Amino acid sequence: MATIAKNYTKGPRKGPIRLIVIHTMESQEKPKTAQQVAKWFASDNGPKASAHYCVDDKSAVKVVEDSDIAWAAPGANSDGLHIEIAGSARQTKGQWRDAFSLACLDQAAKVAAVWCVKYQIPVRRLNLNQVVDGKSKGFIGHVDATRAFPYPKGDHTDPGANFPWKLFLEKVAEAISKSPKGK
């Protein structure tokens, strides 16, 4: 059963899903972080924000249904699905390659792979023009929404300059190839 966030917009969506948006939780890398952040999104003391999934090294917790709009990255909410990954935007390249982060990337890739198949989203990172065009499908970071739809709509830099996009997208493609519908 999903932990439903307190702050989101009930569907149905007005248009198709075209973006998978990657975030970092800005939290410690430790077990059960996904559950803790999901509970925070659902609490009375939580942020005026949400995501569709929170993931850590061992779990992926559904927080908002796909048909509903998470409050995650202004400008990329109505046509996006959002994954919060345990960790922070300031992680180094080496820190993204430690065992915990690699396991988090695996969990996030599994979630993203399901969405890629279900919503026919290609496994590619979009450039700024593609984010803005309202038609292109693919992956972005919260930072890309911030750049495409500047303040006051967005001010985040996650998942950070060292996020291993190539590795992550390879993991998504691998997860798709292993899924029954991806073959």
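What percentage of the 183 residues in the protein is buried? Buried residues make up 52% of them, where buried denotes a relative accessible area under 20%, exposed over 50% and partly exposed the range in between (1.4 Å probe, protein chains only). The legends below describe a predicted model, in which local features need pLDDT of at least 70, side-chain atom pairs count only at pLDDT 80 or more, and totals for chains, interfaces and linings use all residues. Residues are numbered from 1 along each chain as its sequence is written, and side-chain values use heavy atoms, with hydrogens and water left out.

**Figure 1. Overall fold of the protein.**
The protein has six helices and seven strands, which follow the order β-β-α-β-β-β-β-α-α-α-β-α-α from the N terminus. Helices (H or I, at least four residues) and strands (E, at least two) are DSSP runs, numbered from the N terminus. The C-alpha trace spans about 40 × 40 × 30 Å along its principal axes. Of the contacts with a separation of 6 or more, 69% join residues 24 or more positions apart, a contact being heavy atoms within 4.5 Å.

**Figure 2. Surface and charges.**
The protein exposes about 9,200 Å², of which carbon and sulfur atoms supply 54%. Accessible areas come from the Shrake-Rupley method with a 1.4 Å probe, and for residues only the protein chains shown count as cover.

Most residues other than glycine have a negative phi, and most peptide bonds are trans. The peptide bond from G11 to P12 is cis, with omega near 10 degrees; P12 belongs to the loop between β1 (8-9) and β2 (19-24). Another cis peptide bond joins D158 and P159, with omega about 15 degrees, and P159 is placed in the loop between α5 and α6. K32, in the loop between β2 and α1 (33-42), has a positive phi near 70 degrees. Its relative accessible area of 55% is why K32 is classed as exposed. Q120, in the loop between α3 (99-119) and α4 (128-132), also has a positive phi, near 55 degrees. Q120 is exposed because its relative accessible area is 64%.

**Figure 3. Aromatic pairs.**
The structure holds seven aromatic pairs. Among them, W40 and F41 are stacked, at 6.0 Å centre to centre and with 25 degrees between the planes. W40 is partly exposed at 43% relative accessibility, whereas F41 is buried at 4%. The pair of F163 and W165 is edge-to-face, at 4.9 Å centre to centre and with 70 degrees between the planes. Both F163 and W165 are buried. Ring pairs link W96, F139, F163, W165 and F168 into a cluster. Rings of Phe, Tyr and Trp (its six-membered ring) pair if their centres lie within 6.5 Å; planes under 30 degrees apart count as stacked, over 60 as edge-to-face and the rest as tilted.

**Figure 4. Surroundings of I69.**
I69 lies in strand β5 (residues 69-70) and is buried, with a relative accessible area of 14%. Leaving aside neighbours within four places in sequence, I69 is in contact with Y8, T9, R13, N77 and S78. I69 and K10 are 59 residues apart in sequence, and their C-alpha atoms are 6.4 Å apart in space.

H52 is located in the loop between α1 and β3 (53-55) and counts as buried, at 0% relative accessibility. H52 and Q36 are 16 residues apart in sequence and 14 Å apart in space, C-alpha to C-alpha. Y151 is located in the loop between α5 (142-148) and α6 (165-178) and counts as exposed, at 65% relative accessibility. Y151 and P74 are separated by 77 residues in sequence and by 9.3 Å in space, C-alpha to C-alpha.
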